[in-house]
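I open this notebook to record a few look-ups. The entries below follow the order in which I made them.

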Amino acid sequence: MCIFLTTQSSLKYIIHLSETLNSMSKGNLQQRALETREDELGSIAYSINRMAQQLDEQIRKERELQQGRMDWIAGLSHDIRTPLTSMMGYIGLLKTGAYENEDEQQRFIDNTYNKVVQLKSLTDELFEYSRLTGSSITLDLRQIDIKNLLSQMLVEFEPLARKHELDLETVIPDEPLLLMLDPDMIVRALDNLFMNTLKYSVKPGTVKITLAYDQDQVRIEIENRGGPLLPESVSRLFDQFYKADSSRSSDLIQTGAGLGLSITRTIVEMHGGSADLHYEDGTFIFSINLPQSEA
């Protein structure tokens with residue numbers, strides 16, 4: 001009698017598992033098997049539930065990525081259409097001679113040129129992103145002193161920062177820090193972060209750049225004060241196709257395709273490192289972590 005009851009219980013549980021799997025196969029990934037046993041059938045139920053959870057999370061992420069891609073394409077189309085419309089307007093005025101004097105003519109020419117520069121920035125960013133995400137890209141690794149490279153970049157960056165009412169505060173060690181890097185790639189990654197601070201810093205303000213190290217890695221931090229950022233934006237700012245509210249950017253800086261931070265993270269990860277953002281009460285700390293070269 002005891003064996004019969006045990007068999008009946010197992011049979012009912014197997015039927016329950018079968019019905020659960022059938023429901024999941026029809027797309028109901030919220031369905032879960034009852035985990036009421038501690039034998040092999042209970043282990044199967046646990047595995048079924050973990051599988052359903054992982055599939056559900058994967059599908060959700062793919063949908064979010066697809067939606068982000070569509071939003072990004074719509075935003076990019078707007079970003080391209082806006083300067084093109086302005087260029088067509090200015091060129092039309094120049095073509096028909098609809099300007100009052102040479103100064104106004106020159107202003108139309110300058111405005112048209114600025115729009116061309118904006119379009120070039122967009123296309124360059126798209127080209128770089130396509131190149132980095134291709135399968136044929138390889139790094140030209142060399143032993144580079146990251147301290148010297150960063151210092152040289154800051155010398156070039158400081159006049160631009162000053163123009164945008166930003167002071168630079170640096171904390172950089174005296175001793176050389178040798179890393180195996182592709183210098184052109186790392187320059188691009190850092191430049192994207194520098195330009196990001198110009199776009200979104202509160203002005204006037206201060207940008208603090210710190211270079212630190214331990215026995216395992218080198219860390220570069222760029223800290224600035226900026227506008228409010230939603231928690232969702234903090235977690236997704238490095239994501240592909242994600243672009244935070246562009247209204248916070250400076251009108252004095254040409255905006256790109258919204259791929260700059262994603263490009264930075266891709267480059268850093270290709271070097272075996274990581275790129276992160278810590279945000280709290282208007283303070284942004286972007287960090288790049290790179291592994292130390294082996295002795």
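Is E35 buried, partly exposed or exposed, by relative accessibility? I find E35 partly exposed, at 42% relative accessibility; buried means under 20% relative accessible area, exposed over 50%, partly exposed in between (1.4 Å probe, protein chains only).

I note that this is a predicted model, in which local features need pLDDT of at least 70, side-chain atom pairs count only at pLDDT 80 or more, and totals for chains, interfaces and linings use all residues. Residues are numbered from 1 along each chain as its sequence is written, and side-chain values use heavy atoms, with hydrogens and water left out.

**Salt bridges.** I applied the rule of a side-chain nitrogen of Lys or Arg within 4 Å of a carboxyl oxygen of Asp or Glu, and the count came to 7. One of them joins E35 and R50 at 3.6 Å, N to O. E35 sits in the loop between α1 (2-25) and α2 (40-95) and R50 in helix α2, so the pair ties together parts 15 residues apart in sequence. Helices (H or I, at least four residues) and strands (E, at least two) are DSSP runs, numbered from the N terminus. I also found D276 paired with R265 at 3.9 Å, N to O. This pair links strand β6 to helix α7, 11 residues apart.

**H271.** I located H271 in the loop between α7 (260-270) and β6 (274-280). H271 is buried, with a relative accessible area of 10%. Beyond four places in sequence, its contacts (heavy atoms within 4.5 Å) include L139, M180 and P291.
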